[in-house]
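Please keep the sequence and the model in view while reading.

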Amino acid sequence: PVTRYYQFELKIVKLSPDGFERPVWTVNGQYPGPLIQANKGDRLVINVTNNLGDPSTIHWHGIFQRETNWYDGVSGQTQCPIPNKISFTYNFTLDQSGTYWYHSHFLSQYIDGLVGPLIIHDSEDPYLNSYHEDYLIMISDWYHSPSGPLLVQRVAPGYKGFNPYPDATLISGLGQYNCSSPAAGSHCNSNVTIPTYNVQKGKKYRFRIINTSAYAFFTFSIDNHPLKVIEVEGTPVKDTDAAILNVIPITVAQRYSVILTADQPIANYYIRASIIDSCLHNMTNDTINYNSSINHNATGILHYLGAGSNESTSTAYPITFPLCQDLNASAIRPYKDSPAPTNITNDFVFNITFSRNDDDVGLLGVNDSPFVLVNDNPTNQRIMLKENYTDFDKNQNIYSYDIPYGCVQITLLNSQSTNHPFHLHGHSFWIVAEGPGAFVSNITTYNLENPVFRDTTIVPAESHIVIRFLADNPGVWSFHCHIQWHVGMGLLAQLIERPTEFSNRTLPDDVRALCMEYNSYKKQKR
Ligand code: C2O
């Protein structure tokens with residue numbers, strides 16, 4: 001194992017990912033941000049210098065941060081934000097492998113571009129010799145205006161509309177906006193390259209697919225090429241027929257690796273990422289959020305070497321799975337038998353709730369507790385300083401669950417007509433039940449034998465999901481909907497895992513120093 005050093009400068013630059021120019025929040029001026037690659041067992045040391053003009057943090061999505069909870073990157077829970085002009089170094093080892101990503105975890109900042117891929121190779125990957133080339137595809141929705149004002153509008157008193165609808169769809173940071181549309185303005189370039197992936201007939205390729213969207217669920221497919229799913233968020237998949245799919249649904253923040261066999265006639269084939277519009281419902285009624293003036297389908301090209309540069313004439317697969325219901329690919333089983341633990345020691349029921357406060361602002365929460373962010377006094381530092389906190393933490397208006405070692409079960413009940421992709425920090429979890437009905441009494445069957453194991457799950461509208469995980473990682477872990485507009489409305493909780501053990505660890509000096517920097521930055525701002 002080695003230590004790998006990266007330098008991140010966070011800065012705002014003007015870019016035109018889909019042709020439309022806008023200020024983009026970037027790492028090193030790039031969108032998407034630079035690829036981080038390492039081997040299992042390596043240490044990552046990432047020095048982040050913030051030149052955004054606003055505070056920021058970086059979260060390493062899916063990385064367990066064993067014994068380094070304070071580098072998890074969650075503003076107000078695991079660290080203070082990095083003020084403008086200040087540097088902070090994340091430093092953690094990788095005991096996992098597979099496909100991950102990183103993004104800002106400060107307010108809704110990642111919508112504006114602060115995302116990038118993180119890939120961990122593994123010499124024991126059972127599929128290592130099953131492909132010739134390792135390709136990366138990032139799928140994303142994309143907005144033309146900065147997210148700040150959009151979020152202000154979303155949480156304005158009396159607002160009863162939809163989440164902001166994206167203006168574009170991107171594959172690997174590239175999209176095709178129609179520059180002749182009246183909204184395009186003068187800084188629009190209609191010649192954005194189509195992302196192209198070269199293959200040689202007869203060979204096999206691994207594609208890693210990451211949905212870095214703020215809001216949209218996608219289907220992913222490559223015309224004429226069924227895709228064999230070999231990895232779900234770090235877990236290799238059983239080598240069975242069940243894992244071969246024509247169309248793969250992928251919700252916000254989920255990842256898959258697939259193997260494509262280049263066995264078709266030499267030609268160009270479309271790679272497609274399409275928004276699943278039928279899954280984007282309004283919170284309070286059953287209407288679907290839809291904007292016909294945008295391109296809902298991002299395209300790329302699978303180019304067989306030897307094919308001309310002429311356009312593809314391939315046609316898309318029809319979509320056959322029940323939309324919005326089973327977006328977890330729950331038919332896909334982990335490679336190694338991975339039965340869910342059965343001796344439940346903590347059994348939680350989380351209702352996803354919508355409410356309006358006294359100002360008529362629409363808020364989302366877990367068990368009627370919309371999260372209120374307090375940046376300058378992160379929960380983990382309060383625990384380490386042995387400050388008092390109660391089960392219901394008045395400071396952040398969230399539940400703080402003191403979890404001892406054991407098996408945690410969380411039943412998520414979603415009685416709303418909208419879907420929520422939930423992500424747990426610090427763990428992957430078994431999905432032991434899912435189905436229609438938002439009451440505990442609707443849960444009839446559990447699959448404990450070899451359920452899918454991942455770190456992000458859809459909680460479909462009017463449905464339930466039951467997850468289990470082992471409390472083997474003391475720390476403060478965020479548990480939230482990954483739709484960034486819903487995070488902005490409060491749909492984020494925190495689990496405090498084994499606080500007594502956690503409080504006996506030693507907080508690195510630089511993590512505490514960052515809070516002092518942040519507090520003096522806040523005073524200057526006042
Ligand atoms: Cu991908 Cu809490 O985040």
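## Salt bridges and basis of the model

The structure has 18 salt bridges, each counted where a side-chain nitrogen of Lys or Arg lies within 4 Å of a carboxyl oxygen of Asp or Glu. Side chains of opposite charge can pair when their charged atoms come close.

The model is predicted, so local features need pLDDT of at least 70 and side-chain atom pairs count only at pLDDT 80 or more, while totals for chains, interfaces and linings use all residues. Residues are numbered from 1 along each chain as its sequence is written, and side-chain values use heavy atoms, with hydrogens and water left out.

## R206 and D125

R206 and D125 form a salt bridge whose closest N and O atoms are 3.0 Å apart. R206 belongs to strand 12 (residues 204-211) and D125 to the loop between strand 8 (115-121) and strand 9 (133-142), so the pair ties together parts that are 81 residues apart in sequence. Strands here (E, at least two residues) are DSSP runs, numbered from the N terminus.

R206 is buried at 2% relative accessibility, and D125 is buried at 17%. Buried means under 20% relative accessible area, exposed over 50%, and partly exposed in between (1.4 Å probe, protein chains only).

## K238 and D337

A salt bridge also joins the side chains of K238 and D337, at 2.9 Å from N to O. This pair links distant parts of the chain, 99 residues apart: K238 is in the loop between strand 15 (235-236) and strand 16 (244-245), and D337 is in the loop between strand 20 (297-304) and strand 21 (344-356). K238 is partly exposed, at 27%, whereas D337 is exposed, at 56%.

In the salt bridge between D360 and R356, the closest N and O atoms are 3.5 Å apart. D360 is partly exposed at 27% relative accessibility, and R356 is partly exposed at 29%. Elsewhere, salt bridges that share partners join D125, D134, R206, R208 and E231 into one network.

## Strand 26

Strand 26 (residues 420-424) has 5 of its 5 residues buried, so it is largely enclosed by the rest of the structure. Both of its faces are covered, with H420, F422 and L424 buried on one side and P421 and H423 buried on the other.

Strand 26 pairs with strand 29 (residues 456-459) in the antiparallel sense over 4 bridges; two strands pair if DSSP finds at least two bridges between them. In this pairing, F422 stands opposite T457. Strand 26 also pairs with strand 31 (residues 475-481), in the antiparallel sense over 3 bridges, and there H423 stands opposite H480.
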